[in-house]
Amino acid sequence: MVAAGTPCATGVCNGTADAEKCVACADNAAGTAQDAGCNSAQPLCDASSTPTCYECLTGKDCAPDDVSCTVETCNDHVCSHVATDSQCPASGDVCNPNKCDIAAPGGCKQVDITSESSIVGTAVDGGNGGFEDSVLDPSNTPPVADTWGANGWLETGNYYIIYQCGSGGCTGSNGATLPEPPISVGGAFIAWTGSKFDSGETELYRAISFPVGTTKVQLLVDTNFQTKSTATTNHDYFEVRLLDSNLAQIGAPLAALSNANAQTGTAHAWTKDGINVTRDASALAGKAVFLMIWTSVDTTLRSDFFFDNVRVIATVCK
């Protein structure tokens, strides 16, 4: 028998006893060494059928690159270095995991995989946080043309909360509050709680749902708070709360303000994003809850809490 790889007329001998023939290449070298009849670009002979030279037969035939998180793969007999996230060490932050990036030093870098999801927006079909989708309540006795109910919101208390103030505005503690300040996105409707004529508690609330993967929640509200006194003895309070399905409060309020945060004198200006808070909401991921705006005022010096454009934005990790 002639040894495999011995040159012959049209190539090399296959070295197979009792079936010797001249073929294009012979698998006669160990490992990834160049086989007889092959070249440095395609050094490996696959002699299993028609002997042919290839770059690789399996991924083990491919030389590693300088990137720690790639995996050498042989596809269609061609070597490739496949970026593989599982080769990266854990980052310790599920929302900023390590991903394989062949351009990054060391091959791995943290990637932010969060996105924002609007839970309540100002649009009438996005939560009606601007209260513009409102209906005059015919049960209001006697009829008051500027008191309405905002669709999607429920309210309790002695007086209506949603108002269409008109061109003259709604008259609060320090003068008229117009419904469309330049900074506000909204329209003719605003919410108004407080005043000494509405002593006790009022509540404006609606159902909301947090997406699976929620990690944080941001609350934004345009405010116009007025008071006759900012003293702590004037017990007028404004809170934004989250409630469970039984309307029991979940944790601390998202926002807790009072007459101490209001304007006095002739001031009656709106503050865009007067409430702007972000809280951890990972425990609420995938849950349906209630968003409640709660007010409590006493019968002493008057405070008015005007607000508009309620927005709730969830940060979602996917």
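Me: How many disulfides does the structure hold by the distance rule?

Reply: The count comes to seven disulfides. The structure is a predicted model, and the pairs below are computed from its atoms.

Me: What makes Cys 56 and Cys 74 a disulfide?

Reply: The sulfur atoms of Cys 56 and Cys 74 are 2.1 Å apart. A disulfide requires two cysteine sulfur atoms within 2.5 Å, and the pair therefore qualifies. The link of Cys 56 and Cys 74 is right-handed, with 90° about the S-S bond. Cys 56 sits in the loop between β5 (52–54) and β6 (70–75), while Cys 74 belongs to strand β6; the two are 18 residues apart, and the pair links distant parts of the chain.

Me: Which hand does the disulfide of Cys 62 and Cys 79 have, and how do you know?

Reply: The sulfur atoms of Cys 62 and Cys 79 are 2.1 Å apart, and the two residues form a disulfide. The torsion about their S-S bond is about -90°, so this disulfide is left-handed. The pair links distant parts of the chain: Cys 62 lies in the loop between β5 and β6, and Cys 79 in strand β7 (residues 78–83), 17 residues apart. Cys 62 has 7% relative accessibility and therefore counts as buried.

Me: What makes the disulfide of Cys 69 and Cys 100 right-handed or left-handed?

Reply: Cys 69 and Cys 100 form a disulfide with their sulfur atoms 2.0 Å apart. The torsion about the S-S bond is about 75°, so the disulfide is right-handed. Cys 69 is in the loop between β5 and β6 and Cys 100 in strand β8 (residues 98–100); the pair links distant parts of the chain, 31 residues apart. Both Cys 69 and Cys 100 are buried.

Me: How do you know whether Cys 13 is in a disulfide or in none?

Reply: The nearest cysteine sulfur to Cys 13 is that of Cys 8, 4.4 Å away. A disulfide needs the sulfur atoms within 2.5 Å, and therefore Cys 13 is in no disulfide. Cys 13 counts as buried because its relative accessibility is 15%.

Me: How many salt bridges are found, and what makes Asp 101 and Lys 109 one of them?

Reply: A search of the whole structure finds six salt bridges. In the pair of Asp 101 and Lys 109, the closest N and O atoms are 3.3 Å apart. The cut-off is within 4 Å, so the pair is a salt bridge. Lys 109 counts as partly exposed because its relative accessibility is 40%.

Me: What are the N to O distances in the salt bridges of Glu 239 with Arg 241, and of Arg 311 with Asp 273?

Reply: For Glu 239 and Arg 241, the closest N and O atoms are 2.9 Å apart. Both Glu 239 and Arg 241 are buried. The side chains of Arg 311 and Asp 273 meet in a salt bridge of 2.9 Å, N to O. Arg 311 lies in strand β24 (residues 303–317) and Asp 273 in strand β22 (residues 271–280), so this pair ties together parts that are 38 residues apart in sequence.

How values were computed. Residues numbered from 1 in each chain as written. Predicted model: local features only at pLDDT ≥ 70, side-chain atom pairs only at ≥ 80, totals over all residues. Heavy atoms only, no water. Buried < 20%, exposed > 50% of the residue type's maximum accessible area, 1.4 Å probe, protein only. Helix = DSSP H or I, 4+ residues; strand = E, 2+ residues; numbered from the N terminus.
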